[in-house]
Amino acid sequence: MTEPQPPSLDAASTSTGDAAPSAALPFDTAVDCGPNGGEHSESLRTLAIGAVGVVFGDIGTSPLYSLRESFIGAHPLAVDPAHIYGVFSLIFWTMTLIVTVKYVFVILHADNKGEGGSLALLALIGRRLGPNRWTSLTVMLGIIATALFYGDAIITPAMSVLSAVEGLEVVQPAFKELVLPISIAILIGLFAIQSRGTAAVGKLFGPVMLVYFAVIAILGVMGIWQAPEILWAVNPVYAVRFFTIDPMLAFLALGSVILAVTGAEALYADMGHFGRRAIMFGWLVVAFPCLLLNYLGQSALLLRNPDMVANPFFLMAPEWARLPLVILATMATIIASQAVISGAYSVSQQAIQLGFLPRIRILHTSAKAAGQIYVPLVNWLLLGFVLLLVIGFKSSNNLASAYGIAVTGTMFITACMLGILTFAVWKWHPLLAGAMTGAFLLVDGAYFASNMTKIPDGGWFPLLVATAVFIVLTTWAKGRMILRDRLAEDSMPFDLFLNSVCDKVRRVPGTSVFLCSTAEGIPPALLHNLKHNHILHERVVILTVVTEGVPHVPSPARRVVESVGHGFYRMIIRIGFMDEADVPAELAAEQRAGGPFKPMDTSYFLARQTLIASKRPGMALWREKLFAWMIRNAESAMQFFRLPTNRVIELGSQLEI
C-alpha cells in the first residue's frame, strides 16, 4: 500500500533553499535548470534547435488552419480588406500578448527548480506557501488544468495531421477520398512506434522543423512581395476597427484566432528539457518571425485573390511546390503530435508521483535519458480517442469546432495560478500584480468565452474528456486520503508496539522492510505478519516514500533514518515528482540503518487491501466503487518501486471505505 504522497503543503516542505524573488526584481535570476535540476551543459544554439523541434511543433503548424478557420469556420467572415486586416491584426497581437509577453517574458520565470507545467506550478506554490487560504484553490486549479491538457492532447494530433494531409486536395482534388485513410494510417503508425522510443527520430525533429519554418517564412515573403500593403495590418487600430464594424462577429472570430497560439503552453511545460533561455531564443529568433511572415503572406494572398480562402497555406505555394509542401507539413504535424504525446506521458508520471493517479506501467525507452518514457495505457487510450475524433469529424474544418476550448481554459487557469504566485509567493506590489494578472485574465477570459460558443458544434468533446479526467484525479486523491484515515484508525502507536510486543516475539536473522504510506504508526503489513507468523526479523525497517514539491531531490538529501530501538528503524525516502522510486537502489546506498542491506537477506512486505465501498462518510458510493476499481487495477507496488520479485511478500486484508 505504499504510494507516493500528494504534494506536501506543510511548512516543512518549504525548506528547499530557493528564495522568493523580491518585488524590485520580480523574476528569480537562477540559471536555467535541466531535467536533473542542474545547469544545461549543452550550448544555447544546440538547445534552441532542440526546442524548435519539440516545443514549437504545435504552434508552428497552426498556420495550416488558423487563418482559414477565421474566415470559413463556424462563423464565416467576408473576405474583404477590412476583415483581412482585422483578423491578421488580431492574430499578431494575440501572438504578441499571449505568447511573447505572458509566456516568454513572465511565465517562463515561474519555474519549479527548472521544471514547468501546471503540476509543477501547483507544487511550487504549495511548497512555498504551505497550507493557507490559497491551498485548496490552487490544487483545484492545477487539477482542472491537467484535466484540460488531456483533452487538448487528444485533439492536437487529429487536427494537425488532418489539416496537413488535406493539402493533397489542393494538389489534386481527386485525392480527397484518400485524406481520411492516409491520416488514420499516419496516426496509427505514430502511436504504434512509441514503445520504441523517440531518441533516434528525435534527432531529426530540430532540423526538420528548422526547414519547415524557413519554408513557411519564404512563402510568406513571396506573398508579402505581391501585396506589401498588408504590412500595415500590424497596427492594432485594424483589430479595434474590426470590433467596431462587426462586434459580434469579431468576438466569435476570437475562437478561431486563438488557434494561432495553440501549443503556447508547451513553452512552459517543456522548460525542464531545454531551459528558459533556449526557449526564449527559439521563439524570438526563429518561430515568431517565421510565423508572422507566413500569416502576412496568407493575408496578402487573400487580398489579391479572396477565392483562395479555402486553403491559403498551400495555395500560397507555386503549383510545383505544393506536393513537397504537403509532405513537409505532414512531417511537421507528426513532430507536433509527438511532442503532445510525450507531454501526456510526462504529465501522467507527475500525476502519479504527486498522488493524483494510481500506479500505472511506465517503461523507459532510453538508458541515458530518464525523461524518455512510454506509458502504454495512456498511449492506447489517446490513440482510441484520436481515431474516434478523426472518423467522427472527418475534416479539420469540422474538428476546428472542438479545438480551442481546452487550450483557452488551460491558459485562463495558468493566468489565475500566476496571479496567486505574484501576490502570495513573489510578493509583488499589489498594484503591479493586480494590473498584470487582471490584463492576462481579461485577454484569456475573452478568448475562453468566445470558444464556449463552440460547445454545441463539437466543443463538448474536450470538456467531456476533461470532466472524466477530473473525476479520476480527484477521486484517487480523495480516496487515498480516506484510505489513510481508515488505516490510521486501526493502527497501533509505535511506542506501545515496541514496549508490549518486541521482547515477547521470536527474532530471526535477516532484514524485513515494511512499506508504509505514512510515517506514523505501525504499518498493517507488520501487524498482519506478526499475527500470522509470530516472528520478527533482527532488523526491521519501516519505509515511507514521500514525493516532494520539487522535480528532483539530490541523492544525499533523499534519505532520513531514525533508530527507534529493538532493532527497528524508520526510514523516509524523499523523491521529486520527476524522480523514480527505486527502493533497492536507495537501500543499497544507505549505511545508517544498522549497516549495509544485503539483497539476499532482505525481504519486502507489502499490504494489499481489498476495498469495500460502504455508506460511511467520505465519498459518494459510485466514487468509492471507482476508487476500489482503480486500486484493484493499479500496477503492483513491487513493480512500481522496483522490488525484486523473489523477495516480496504480500499480505491481504479487507477494508471498508
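The structure, a predicted model, holds 19 aromatic pairs, where the rings of Phe, Tyr and Trp (its six-membered ring) are taken to pair if their centres lie within 6.5 Å, with planes under 30 degrees apart counted as stacked, those over 60 as edge-to-face and the rest as tilted. One of these pairs is formed by Phe242 and Phe243, which are tilted at 55° between the planes and lie 6.3 Å centre to centre. Phe242 counts as buried because its relative accessibility is 1%, whereas Phe243 is partly exposed, with a relative accessible area of 28%; buried here means under 20% relative accessible area, exposed over 50%, and partly exposed in between, for a 1.4 Å probe and protein chains only. Trp460 and Phe461 form an edge-to-face pair, with 75° between the planes and 5.9 Å centre to centre. In this pair Trp460 is partly exposed, with a relative accessible area of 42%, while Phe461 is buried, with a relative accessible area of 9%.

One aromatic cluster is formed by Phe56, Phe88, Phe92, Trp93, Trp283 and Phe288. A ring is also involved in the placement of Arg539, which lies over the face of Phe597 at 4.0 Å from the ring centre; a charge is assigned to such a position if NZ of Lys or CZ of Arg is within 6 Å of the ring centre and within 35 degrees of the ring normal.

Residues are numbered from 1 along each chain as its sequence is written. Because the model is predicted, local features need pLDDT of at least 70 and side-chain atom pairs count only at pLDDT 80 or more, whereas totals for chains, interfaces and linings use all residues, and side-chain values use heavy atoms, with hydrogens and water left out.

Six strands form an open sheet of mixed pairing in the order 5-6-4-3-7-8, where helices (H or I, at least four residues) and strands (E, at least two) are DSSP runs numbered from the N terminus, and two strands pair if DSSP finds at least two bridges between them. The edges are strand 5 (559-565) and strand 8 (648-656), each of which pairs on one side only. From one strand to the next the twist averages 25°, with axes taken as lines fitted to C-alpha atoms (for helices over the stretch in contact) and angles running from 0 to 180 degrees between N-to-C directions.

Strand 5 runs antiparallel to strand 6 (residues 568-575), to which six bridges join it, and Val560 stands opposite Ile572 in strand 6. Strand 3 (residues 506-515) pairs in the parallel sense with strand 4 (residues 535-547) over eight bridges, and Leu515 stands opposite Leu543 in strand 4. Strand 3 also pairs with strand 7 (residues 602-612), again in the parallel sense, over four bridges, and here Ser512 stands opposite Ser603 in strand 7. In a regular strand the side chains alternate between the two faces of the sheet.

Two helical positions were also examined. Ser183 is placed in helix 8 (residues 179-192) and counts as buried because its relative accessibility is 0%. When its neighbours within four places in sequence are left aside, Ser183 is in contact (heavy atoms within 4.5 Å) with Val161, Leu162 and Val165. Phe274 has its place in helix 13 (residues 271-274) and counts as buried at 12% relative accessibility. Although 302 residues separate Phe274 from Gly576 in sequence, the two are 19 Å apart in space, C-alpha to C-alpha.
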